Amino acid sequence: MEKKKGYQLPGLPYGYKDLEPFISEEQLTLHHQKHHQAYVNGANAIFERLEKARAEGGDSDMKALLKELSFNIGGHVLHTMFWGNLIPAGAGGDKPGGKLAAAIDGEFGSFERFKKEFTQAAASVEGSGWAALTYCRLTNRPLIMQIEKHNVNVYPMFAILMVVDVWEHAYYLDYKNLRADFIDAFWNIVNWKGVENRFAGL
Ligand code: MN
């Protein structure tokens with residue numbers, strides 16, 4: 001039988017030093033090579049356990065396995081999106097333009113108001129998680145989503161346009177416990193053109 005496909009760690013679209021001074025080389029290297037890789041490995045390991053149980057005809061603990069699979073796939077997909085959201089400072093522009101800017105203004109009233117709500121969402125994630133900008137095609141509203149861990153509180157099927165990782169592993173080497181300082185830094189390295197392109201592709 002043909003070997004089934006697993007997940008793979010994607011490369012970064014910039015060098016490990018390129019997000020300095022906002023994210024250090026050491027922090028980014030560890031985050032990408034160790035933490036993101038762990039979710040890739042975790043999801044692939046579950047595939048292997050399912051395959052083994054299928055081959056042997058035994059039972060799997062589906063509840064436990066699928067919970068773990070959701071966590072690991074969420075981690076992989078969100079990190080992949082996060083790397084694409086970032087760009088060296090000065091190259092990304094400080095705010096969105098075009099239709100995305102119009103959609104944000106239409107929903108939030110202004111970019112500054114959006115930034116405030118998004119920052120508060122990211123700062124207040126309980127434990128480990130993410131803040132995401134998503135878009136509801138039923139109402140044509142850009143929405144903020146607060147994701148706990150990698151998979152809790154997700155609006156199903158809503159396209160994610162932008163995320164910020166607020167797990168401690170994302171910032172602890174650079175900012176220690178100061179999550180708010182990391183979120184402030186994040187705003188300097190957002191690839192708005194990329195976010196606009198994702199919005200245009202919905
Ligand atoms: Mn992370």
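This is a predicted model: local features need pLDDT of at least 70, side-chain atom pairs count only at pLDDT 80 or more; totals for chains, interfaces and linings use all residues.
Domain bounds in this description come from an automatic or database domain assignment. Residues are numbered from 1 along each chain as its sequence is written, and side-chain values use heavy atoms, with hydrogens and water left out.

Pockets were identified on a 1 Å grid over the protein atoms alone; a pocket is an open set of points where a 1.4 Å probe fits, with protein on both sides within 12 Å along at least five of seven lines, and its lining residues have an atom within 4 Å of a point. Grid points are joined across faces, edges and corners, and a volume is the space filled by probe spheres set on the points. Helices (H or I, at least four residues) and strands (E, at least two) are DSSP runs numbered from the N terminus.

The second largest pocket holds about 160 Å³ of space. Its lining comprises 13 residues, with Gly74, Val77, Leu78, His150 and Val154 closest to the centre. Domain 1 (25–85) and domain 2 (98–200) each contribute at least three residues to this lining. Among the secondary-structure elements, α2 (62–85) and β2 (141–148) each supply at least two lining residues, and α2 provides the largest share, with 5 residues. In the classification used here, Ala, Val, Leu, Ile, Met, Phe, Trp, Tyr, Cys and Pro count as nonpolar, Asp, Glu, Lys and Arg as charged, and the others, Gly among them, as polar. On this basis the lining of the second largest pocket has 9 nonpolar, 4 polar and no charged residues.

By class, the lining of the largest pocket divides into 7 charged, 3 nonpolar and 2 polar residues.

Two packed helices are described by the angle between their axes and the distance between the axes. Axes are lines fitted to C-alpha atoms, for helices over the stretch in contact, and angles run from 0 to 180 degrees between N-to-C directions. The axes of α1 (residues 25–56) and α2 come within 9 Å and cross at roughly 145°. The crossing of α1 and α2 is left-handed (the near helix is turned anticlockwise from the far one by less than a right angle). The contact between α1 and α2 involves 15 nonpolar, 9 polar and 2 charged residues. In the segment before α1 lies Pro21, which is joined to Glu20 by a cis peptide bond with omega of about 5°.

An open sheet of 3 strands has the order β2-β1-β3 with antiparallel pairing, two strands being paired if DSSP finds at least two bridges between them. β2 and β3 (159–165) stand at the edges with a single partner strand each, so one side of each is left without a neighbour in the sheet. From one strand to the next, the twist averages 25°. Strand β1 (residues 129–136) is joined to β3 by 6 bridges, and Tyr135 has Ala159 of β3 as its bridge partner. The antiparallel pairing of β1 and β2 extends over 8 bridges, with Thr134 opposite Leu143 in β2. β1 and β2 form a hairpin with 4 residues between them. Asn140, in the loop between these strands, has a positive phi of about 55° although it is not a glycine.
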